[in-house]
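Please open the structure in your viewer and keep the selection tool at hand. This tour goes from stop to stop, saying at each one what to select and what is there.

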Amino acid sequence: MIKANLGDLDDVNLTANLPTNNDVLTYDSTQSSWIPKKPTTSGAVSNPFVIDLNRWNIKNDGTESAATTKGINDALSWAKSQNITHCTLPSGTYTLKIDSTSFTCILMQSDMHFEMSAGCIIQLEANSSPWYRIFSLKGVTNGRISGGTLVGDKKTHIYQLSVKFVRGGVNADGSLNNNANSIRSEIVDRYSNPGLLKAFRLWSISGVTASGYSFYQYKDTVSNSTLVGSRTNGQFAPAAPTGRGWFAEIENANKMVFAIDITSSPLSDAQITQINAKVDSQNYTHEWGHGIELAGSNNIEIDHVDISNCTGDAIFTSWLEYKLNPTDYTQEQMGSNIYIHDCDLNHCRRQGISNAGSTDVTIMNNKIHHIGKADDGVTEDGTAPMFGIDIESMWSETNIPTWRPELNQTGLELNTRIYIRDNYISNNSRGHFVNADGINVVLENNTFEGYNVGGISSYPNNMYVKYLNNTIINCELVVKGDNFVNGAICYNGNIKIADITGAIISNCQVKNGLFYGSSVYGYFGTPTVDVPSSTFTYSTPHGMGNGAKISFEQWVGKVPTGISVDKLYYTVNVKTNSFQVSETLNGAPVAITDSGITGFNISRFNYGRCYISDIVVERDWRNDNTLSPNFQLILTGGIIRNVTVKNYEIDVRPLANYVGRPIQIDGITLIEGGANFEGCNLINSSFTRSKTGILGGDISLGTNDARYTRKLVVDNCTFQNVGINFNGNVTNNRSTFITSSISKADNVNMAVISTSYLEDTKLNFHWLTRDKSMTIARCIFKNVTADTNSNTRMIDNISL
């Protein structure tokens, strides 16, 4: 048997292309040599390629960051050239160094799965750049990153420099001098401080009254022959917040010296020695340091990765790059089909995940927690927004032609079809989830836990946002716009409505929390009418533009002659506080001949679109009758069905001066609590309690304010062991009163109880002073005690 090394043979070339497992030799006639070639039967190896640390000079003991970073990238580039699609990094600790130009550590390749073995830790070396990415996926297609732990440099990051000064200055040609009336800085090295100096700021120095400073930039060394450029008009921060730049790319301008004229404020040598001047970046928040950054990437999977302590986000997805010509953007460059699952994202400064443009994104079964917080889980050490997940492309600040259905605007899709399911999102500093501009976003079966100001929310104009069967613990879901909520369990958590324009909220349980907020979109109320000009004016801005669709209603008062409650109108000749109306878009103003009767209202044609059903708000026990209106809503119109409140109070009312459509309430069940209803039609409801009632009464119907004459209709309700106050213009029909007390406020409002059953109940009307203030007609009494006078009319009642 003959034994020989292939490399020793004259006609074998192993230099240009090193062999690996499963390679064969093939003869290359152009080289007249045998070279490695992969088998023709397969374009890729079937088993993962384990990166050889020695071959690529990679250290897994946390040392030699520059060599390790280069080695991993070289290994991936070589694997790509060999059509290898699955690379595995062995266990160990790898310290990486960002590239001083791209601010990137590892450049991912397309069509590749990068797997980090169990026990694999990749940690970022301390740096000063406001931007970095441990993994960069720019324009990558068909990629996957799995396993391992990524640790950013949050705890060691350099946010500013302390620069020393010496006596002496710099000549115009860049050479140094010994001018006693000047001080100059030590040499500032751009390579040593990547990113921070890209748009640098020199801060004012205590004891120096100079109006500004000069700076000189050089290549490699400081001399008149290496000067690249200079400026003499530098202004100190913070008075001048804008940073200064460089005259050339880093490889051609990497050194800098500051010079300051101190003629007006001489300094001793000792004072100069004490100077530690602050130099930082215009981008001083350093919020763009990401664990994994995707830019215009498609078909990407990130799974089972632990990412922590980045100065920005754990994972950031966005569109590819800025294009000067908007028509050059393509849908592919926006990024799509991103799948992030089974990851642990924690303790990053800004966000857990920012989806800043990509479409068809799935975020599933992740833990996202302690964003913006230190290791103690309490101290805030982040930078805004500090949310678990943020969907925000900021499309309106770009030149990307973007599809926005709410604006009838065609274009490319950004942040569209995002599915967020089965995640545990907790203890984040400012908020758990926010959707600034995502369309068709579904959050299903997630658990959100831990109090913060931002809670869980989506901006009101975003269409097709759905919250399905989520759990909310010690935090708040804010429902806006036309959000669809079906299923929520809140424990010590709240559901708040705000900026509602068609939301549906159903099947929610709130325990030891609040269901509250307001829905007043599109209601303007009664205007001041100028008949000669047919102009309607409000005391505050109405917020409409020309062409807004509006309608008139006369629940109270009467519309002006020339206006019909059956017609849809368009605003014309709009000013901040006033407008005219037309029957056609951009048509002639409608002429009116009188101002109508005060009380009619104008509103957007679709106001009152708030639909609430099948809600439970409860606590196990109440120790006293301290008022706790934990079901508290201000609505203009709106629909409420099947609501149960136990051991709390209910407060449902319109705006103070409301004269619009009544709030429709069907099916309130109140147990051991009080209630206040105004401007409502209340039917099929039950109010019961066994404990001592609230001093002054449990149930308040209507307002005692004589300025508001709106009606409150109560039908088919049961009141048991409660005190009821008829304060407003109330008509109560077909109701049952058992062991209750009924009172009436002495005001101009008139109340009626008819065709009802009263048992063991007290009527307390003896103090009424106005004629026909209270009417009780065609009711059945059983053991009823009546304390009345002539201002209470009793008509056709029957006593058993």
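The stops below go from single residues to strands and then to a sheet.

This is a predicted model, in which local features need pLDDT of at least 70 and side-chain atom pairs count only at pLDDT 80 or more, whereas totals for chains, interfaces and linings use all residues. Residues are numbered from 1 along each chain as its sequence is written, and side-chain values use heavy atoms, with hydrogens and water left out.

Begin by selecting S129, which lies in the loop between β8 (120-124) and β9 (131-138); helices (H or I, at least four residues) and strands (E, at least two) are DSSP runs numbered from the N terminus. S129 has a relative accessible area of 0% and is therefore buried, a term that means under 20% relative accessible area, with exposed being over 50% and partly exposed in between (1.4 Å probe, protein chains only). If residues up to four places away in sequence are not counted, S129 touches I98, F103, H157, P194, G195, L196 and H286, where contact means heavy atoms within 4.5 Å.

Next, select D153 in the loop between β11 (149-151) and β12 (160-163), which is also buried at a relative accessible area of 0%. Its contacts, leaving aside neighbours within four places in sequence, include L124, E125, Y132 and N309. Show the side chains of D153 and N127 as well, since they make a polar contact at 3.0 Å; this is a pair of N or O atoms within 3.5 Å, where within protein one must be able to donate a hydrogen and the other to accept it, and residues adjacent in sequence count only if both atoms are side-chain atoms.

Now move to strand β4 (residues 86-89), where H86 and T88 point one way and C87 and L89 the other way, all of them buried. β4 pairs in the parallel sense with strand β3 (residues 49-50) over 2 bridges, and two strands pair if DSSP finds at least two bridges between them. Within this pairing, V50 stands opposite T88. On its other listed pairing, β4 runs parallel to strand β7 (residues 112-116) over 4 bridges, and there H113 is the bridge partner of H86.

Finally, select the open sheet of 7 strands, whose order is β45-β51-β48-β49-β50-β47-β46, with antiparallel pairing. β45 (523-525) and β46 (528-530) stand at the edges with a single partner strand each, so one side of each is left without a neighbour in the sheet. β46 pairs with strand β47 (residues 535-537) in the antiparallel sense over 3 bridges, and V529 has F536 as its bridge partner in β47.
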